[in-house]
Amino acid sequence: MSSAEQTPLSGTERTPVGGAERTPVGGAEQTPRPTRLAAAAAVAGVEALGLVAGGVYMLVKALTGTSGDLTGAVTGAVTLVVLGLIPLAAARGLWLRRSWSRGPAVITQILALPVAWQMLQANSALIPAGAVLAVLAVTGLVLLVSPATTEALGIRRPGQDTP
């Protein structure tokens, strides 16, 4: 047995949540990332990419002269890109297990639902996009409020004792 196997990595060892074995990562110990947390991060990431791609598309349309109102189109494009940064930051935070990241991710999912509804009412090519957005939003909400995600982010439920 090596000396690294005989001594703990830190002096403040805690019992792993759910009995999962801890593995050292970058000098710190962590339990394996729950699949639901990784999936929630992926959903937020896909939504962020969609917003940024939509903003870039609008910007290209505005700059190539296909849109009527240049100022309005550029403002809308920049707004979409900036709004895409919110779920992108949330996705990164979820992936890194930052408890603050669940709030922006949940808000993004809630705001996506009426947008999806409007897209589904459009009678155009937006209907499939609205369906995809609705599925992503509902899936994201379910993943974000699951007990495995809450526990992995270190968020205590009401009435739960402090460790």
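**Helices, loops and buried residues in a predicted model**

Colleague: In which loop is serine 101 found?
Modeller: Happy to start there, and keep in mind that this is a predicted model. Helix α3 covers residues 70–95 and helix α4 covers 102–120. Serine 101 is found in the loop between α3 and α4.

Colleague: Is serine 101 buried or exposed?
Modeller: Leaving out residues up to four places away in sequence, serine 101 touches Ala90, Gly93, Leu94 and Leu153. Its relative accessibility is 0%, and the cut-off for a buried residue is under 20%. Serine 101 therefore counts as buried.

Colleague: Which backbone oxygen does the side chain of serine 101 reach?
Modeller: The distance for this pair is 2.6 Å, within the 3.5 Å limit for a polar contact.

Colleague: Let's step back to the whole chain. What pattern does the chain follow along the sequence?
Modeller: The chain holds six helices and two strands. Of its 163 residues, 25% are buried. Read along the sequence, the pattern is α-β-β-α-α-α-α-α.

Colleague: How far apart are the end C-alpha atoms of α3?
Modeller: Helix α3 has 26 residues, and at 1.5 Å a residue they should span 38 Å. The model agrees with that expectation, because the end C-alpha atoms of α3 are apart by 38 Å.

Colleague: Which helices do the buried residues of α3 pack against?
Modeller: The buried residues of α3 are Ala73, Ala77, Gly84, Pro87, Ala90, Ala91, Gly93 and Leu94. They pack against α2, α4 and α5.

Colleague: What is the phi of arginine 97?
Modeller: Most residues other than glycine have a negative phi. Arginine 97 lies in the loop between α3 and α4, and counts as buried at 14% relative accessibility. Although arginine 97 is not a glycine, it has a positive phi of about 65°.

Colleague: And is asparagine 123 buried or exposed?
Modeller: Asparagine 123 is found in the loop between α4 and α5. It is not a glycine, yet has a positive phi of about 55°. Its relative accessible area is 71%, and the cut-off for an exposed residue is over 50%, so asparagine 123 is exposed.

Colleague: How far apart in space are leucine 136 and leucine 113, C-alpha to C-alpha?
Modeller: Leucine 136 and leucine 113 are 23 residues apart in sequence, and their C-alpha distance is 9.3 Å.

Colleague: Which helices do the buried residues of α2 pack against?
Modeller: Helix α2 has 29 residues and reaches 42 Å from its first C-alpha to its last. Its buried residues include Leu37, Val43, Glu47 and Gly55. The buried residues of α2 pack against α3, α4, α5 and α6.

Colleague: Which side chain does a polar contact join to that of threonine 149?
Modeller: Threonine 149 is found in helix α6, residues 147–152. It is buried, with a relative accessible area of 0%, and touches Arg36, Leu37, Leu143 and Leu144, not counting residues up to four places away in sequence. The polar contact spans 3.1 Å and joins threonine 149 to the side chain of serine 146.

Colleague: Last one: over the face of which residue does arginine 33 lie?
Modeller: A search of the whole structure finds zero aromatic pairs. Arginine 33 sits at 3.8 Å from a ring centre, over the face of tryptophan 95.

Notes: Residues numbered from 1 in each chain as written. Predicted model: local features only at pLDDT ≥ 70, side-chain atom pairs only at ≥ 80, totals over all residues. Heavy atoms only, no water. Helix = DSSP H or I, 4+ residues; strand = E, 2+ residues; numbered from the N terminus. Buried < 20%, exposed > 50% of the residue type's maximum accessible area, 1.4 Å probe, protein only. Polar contact = N/O pair within 3.5 Å; in protein donor to acceptor, adjacent residues only side chain to side chain. Contact = heavy atoms within 4.5 Å. Phe/Tyr/Trp six-rings, centres within 6.5 Å; stacked < 30°, edge-to-face > 60°. Lys NZ or Arg CZ within 6 Å of the ring centre and 35° of its normal. Expected span 1.5 Å × (residues − 1).
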